[in-house]
Amino acid sequence: MLRKVGLSLLTTATILTGVSGDAIARLQEALDSVKIAQQVDPVEEQTESPEPPEKSYWTATGLSQNEAKTLKFFQDQGITDRMALAVLMGNIKQESMFVPNICEGGARMNYERCHRGGYGLIQWTTSFRYWGLGNHAKHINGSPSSLDTQLSYLLTEREFKEIEYKFRTESQSLSYYMKAAYYWLGWGIYGNRGHYSQTYYDSMTKI
């Protein structure tokens, strides 16, 4: 359309005779404005990148703050199978009821005061594993009696590293994951591990 207007103006200017200089100048300005309009780049439409979908998590009803934090912690490490998570949770509940400052026998105390038996979330018992917790706490400037420090420490242990891939393996049975938990913890009493694990499994939902 703009090109047609320019040609029409140019044709009119060439066939008219006796046109004043001012009129010709105005016609030239009109032609120049047509050329400028043709050179303007079209405005590109801005498109927004789609937002990545939010990550979903397993949770369960009636969890304590420590239970909820531990369940999310394992999922953040890439363990996402429902039964695998349930067995991890069931074993920790059997060991400590998710009380990080518990000494074997049930007494609550700081790490430095527990001199006999196991200590903490998974009842670290051997001197190597017990002192390992203290050294890890110093390394990260944390408290060996805290939940965060103990969760961080258990990831560094050889015993957990060697079976972690089993908990990352999806769609396995309670028995499969329980065998991995036994190697990790080396418990002497089975207790309510299976019952706790099944209860967690039954109560879990994704959000």
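So, the largest nonpolar core in this predicted model has 41 residues. The residues with the most contacts inside that core are Phe-74, Ile-79, Phe-160, Phe-167, Trp-184 and Met-204. Who supplies it? The elements giving two or more residues to this core are strand S1 (58-60), H3, H4, helix H5 (127-140), helix H6 (147-156) and helix H9 (174-185). H4 provides the largest share, eight residues.

What does Phe-167 touch, if we skip residues up to four places away in sequence? There's Ile-79, then Ala-84, Val-87 and Leu-88, and then Tyr-177, Ala-180 and Ala-181. Remember that Ile-79, like Phe-167, is on the list of residues with the most contacts inside the core.

Okay, stepping back for a second to the whole chain. We have ten helices and two strands, and from the N terminus on the order is α-α-β-α-α-α-α-α-α-α-α-β. Of the 207 residues, 37% are buried. And if you take the contacts with a separation of 6 or more, residues 24 or more positions apart account for 55% of them.

Now, a helix pair. Two packed helices are described by the angle between their axes and the distance between the axes. Helix H3 (residues 65-76) and helix H4 (residues 82-96) pack at about 140°, and their axes are 10 Å apart. That angle makes H3 oblique to H4, since the roughly antiparallel label is for angles over 145 degrees. The crossing of the two is right-handed.

Which residues do the touching between H3 and H4? On the H3 side you have Glu-67, Thr-70, Leu-71, Phe-74 and Gln-75, and they meet Leu-85, Leu-88, Met-89, Ile-92 and Lys-93 in H4. By type, the residues of that contact split into six nonpolar, two polar and two charged.

Next up, H6. Its buried residues are Leu-147, Thr-149, Gln-150, Leu-151, Tyr-153 and Leu-154. Those buried residues pack against H3, H5, helix H7 (158-161) and H9.

On to the loops. Glu-112 sits in the loop between H4 and H5. Leaving out residues up to four places away in sequence, Glu-112 touches Tyr-130 and Pro-144. Glu-112 and Gly-134 are 22 residues apart in sequence, and their C-alpha atoms are 8.6 Å apart in space.

Last thing, backbone angles. Most residues other than glycine have a negative phi. So where do we find positive ones here? Gln-123, in that loop between H4 and H5, has a phi near 55°. Ser-171 has a positive phi too, about 65°, and that residue lies in the loop between helix H8 (164-168) and H9.

Buried or exposed, then, for Gln-123? Buried, because its relative accessibility is 11%, and the cut-off for buried is under 20%. Ser-171 counts as exposed, with a relative accessible area of 66%, where exposed means over 50%.

Notes: Residues are numbered from 1 along each chain as its sequence is written. This is a predicted model: local features need pLDDT of at least 70, side-chain atom pairs count only at pLDDT 80 or more; totals for chains, interfaces and linings use all residues. Side-chain values use heavy atoms; hydrogens and water are left out. Axes are lines fitted to C-alpha atoms, for helices over the stretch in contact, and angles run from 0 to 180 degrees between N-to-C directions. Helices (H or I, at least four residues) and strands (E, at least two) are DSSP runs, numbered from the N terminus. Angles under 35 degrees count as roughly parallel, over 145 as roughly antiparallel, 65 to 115 as roughly perpendicular and the rest as oblique. A crossing is left-handed if the near helix is turned anticlockwise from the far one by less than a right angle, and right-handed if clockwise. Contact means heavy atoms within 4.5 Å. Ala, Val, Leu, Ile, Met, Phe, Trp, Tyr, Cys and Pro count as nonpolar, Asp, Glu, Lys and Arg as charged, and the others, Gly among them, as polar. A nonpolar core is a set of buried Ala, Val, Leu, Ile, Met, Phe, Trp, Tyr and Cys residues joined through side-chain atoms within 4.5 Å. Buried means under 20% relative accessible area, exposed over 50%, partly exposed in between (1.4 Å probe, protein chains only).
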